[in-house]
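Colleague: I would like to learn how to read the features of a model like this one. Please give the general idea each time, and then the case at hand.

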Amino acid sequence: MTRLCKDIRSGKKLFMGKKVAISGSTGGIGRELCFYLAAMGASLILIDRNKARSEALGADLLKASPKLSLKYITADLEDINAVKAAADALIAEDIDYLLLNAGAYSIPRHKCSTGYDNVFMINFVSPYYLSRRLLPTVSKNGGRIVAVGSIAHNYSHIDGEDIDFSTRNKASLVYGNAKRHLMFSLFALDDPHIAVAHPGITQTNITAHYPKLIYAIIKYPMRVIFMRPRKACLSILCGMLCESESGEWIGPRVFDVWGLPSKKILSTCPPDEAAVITKRAESIYSELLGE
Ligand SMILES: NC(=O)c1ccc[n+]([C@@H]2O[C@H](COP(=O)([O-])OP(=O)(O)OC[C@H]3O[C@@H](n4cnc5c(N)ncnc54)[C@H](OP(=O)(O)O)[C@@H]3O)[C@@H](O)[C@H]2O)c1
């Protein structure tokens with residue numbers, strides 16, 4: 001993957017003629033992914049909840065890559081109707097790649113119209129729905145769906161009584177439970193056109209979840225200690241280009257936090273737990289299809 005990272009960094013046209021859709025493009029990692037992809041020749045479809053921010057990013061991307069073909073889809077991942085409309089639009093666009101990059105950690109909580117907690121919706125239900133709807137298109141085109149996972153998946157173990165952790169307050173547990181569902185439900189699809197990658201830890205809005213005073217103190221050291229988003233997002237780009245097996249994720253090679261990407265088999269979810277996650281994911285998906 002070191003050679004591949006070199007090609008990515010040098011702007012080799014690895015995505016020439018390919019349509020790449022990315023959620024959460026306005027975030028710290030999403031923005032960097034877009035600049036790399038535009039430089040590598042991809043056409044981009046930005047899926048964001050805030051159209052003005054999305055268009056501001058689009059303007060910056062066009063300055064850097066004037067020939068870039070760019071489209072926008074506005075969708076809040078808390079809103080299942082918007083997510084369904086986004087899936088229809090992406091199928092109509094006949095995309096090659098889908099990057100499930102949007103995510104939320106410590107945000108005000110509420111139940112969505114689906115009945116699920118909003119953190120569970122953003123980090124699991126909506127991306128899983130998009131994956132299931134788009135997999136036939138992406139497979140036909142020989143592309144890939146890459147979901148952005150997290151080390152935090154290891155903080156939580158699923159709960160039979162509280163699927164979405166709506167009774168929990170600790171953000172790390174709620175977010176970890178959702179990422180765990182996303183990662184292991186996608187592994188269960190066991191499809192070469194699906195990959196899970198992660199950035200380790202990198203300072204973005206999502207890492208600004210500490211109390212204000214603590215964050216003010218750790219903000220600058222964090223920037224020095226951890227990789228910048230520009231380097232951290234290389235794992236996700238490698239996830240688009242490298243084959244990986246079910247149960248294997250791509251992320252920074254040193255303690256999952258530093259260095260260039262490498263593949264690693266995960267042994268963080270026992271098979272019986274993964275089976276429950278898989279069953280839940282499919283049952284949620286069929287419920288959503290039936291509505
Ligand atoms: N940074 C890290 O250390 C780290 C570690 C592990 C995994 N990750 C994962 O990396 C991915 C990117 O995160 P980031 O670090 O770039 O964080 P970020 O800067 O906070 O970006 C998150 C993105 O998700 C979007 N988003 C949040 N809620 C949404 C919703 N309801 N509907 C649609 N979009 C929504 C945000 O949109 P707005 O711009 O409108 O807010 C933003 O574009 C996430 O999946 C995150 O879980 C990050």
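**Exposed loop residues**

Modeller: D190 is exposed, as 10 other C-beta atoms lie within 10 Å of its own. The terms are these: a residue is buried if 20 or more other C-beta atoms lie within 10 Å of its own, exposed if 12 or fewer, and partly exposed in between, with C-beta atoms placed from the backbone. This is a predicted model, in which local features need pLDDT of at least 70 and side-chain atom pairs count only at pLDDT 80 or more, while totals for chains, interfaces and linings use all residues. Residues are numbered from 1 along each chain as its sequence is written.

Colleague: Where is D190 found?

Modeller: D190 sits in the loop between helix 6 (171–189) and strand 6 (194–197). Helices (H or I, at least four residues) and strands (E, at least two) are DSSP runs, numbered from the N terminus.

Colleague: How should I read the backbone angle phi there?

Modeller: Most residues other than glycine have a negative phi. D190 has a positive phi of about 45° although it is not a glycine. D94 likewise is not a glycine, and its phi is positive at about 55°.

Colleague: Is D94 buried or exposed?

Modeller: D94 is exposed, with 11 other C-beta atoms within 10 Å. It belongs to the loop between helix 4 (80–93) and strand 4. Contact here means that the C-beta atoms of two residues, placed from the backbone, lie within 7 Å. With neighbours within four places in sequence left aside, D94 is in contact with T137 and N141. From D94 to K170 the C-alpha to C-alpha distance is 39 Å, and the two are 76 residues apart in sequence.

Colleague: How do I read a sheet?

Modeller: Strands of a sheet pair through backbone hydrogen bonds, either parallel or antiparallel. Two strands count as paired if DSSP finds at least two bridges between them. This model has an open sheet of eight strands in the order 3-2-1-4-5-6-7-8, with mixed pairing. Strand 3 (70–74) and strand 8 (258–265) stand at the edges with a single partner strand each, so one side of each has no neighbour in the sheet. On average, neighbouring strands are turned by 20° against each other, direction ignored. Axes are lines fitted to C-alpha atoms, for helices over the stretch in contact, and angles run from 0 to 180 degrees between N-to-C directions.

Colleague: Which strands does helix 3 touch?

Modeller: Helix 3 (residues 51–64) packs on the sheet and touches strand 2 (43–48) and strand 3, and its direction makes about 165° with that of strand 3.

Colleague: What of the faces of a strand?

Modeller: In a regular strand the side chains alternate between the two faces of the sheet. In strand 1, K19, A21 and S23 on one side and V20 and I22 on the other are all buried, which covers both faces. Five of the five residues of strand 1 are buried, so the strand is largely enclosed by the rest of the structure.

Colleague: How many bridges join strand 1 to strand 2?

Modeller: Five bridges join these two strands, which run parallel. A21 has I45 as its bridge partner in strand 2. The chain passes from strand 1 through helix 2 to strand 2 in a right-handed β-α-β crossover; right-handed means that, with the strands pointing away from the viewer, the path from the first strand over the helix to the second runs clockwise. Strand 1 (residues 19–23) also pairs with strand 4 (residues 97–100), in the parallel sense over three bridges. There, A21 is partnered by L98, and V20 by Y97.

Colleague: Why is helix 9 said to be largely enclosed?

Modeller: Seven of the eight residues of helix 9 (residues 234–241) are buried, so the rest of the structure largely encloses it. One of the buried residues is C238, with 23 other C-beta atoms within 10 Å. Not counting residues up to four places away in sequence, C238 touches M1, L4, C5, A197, I250 and P261.
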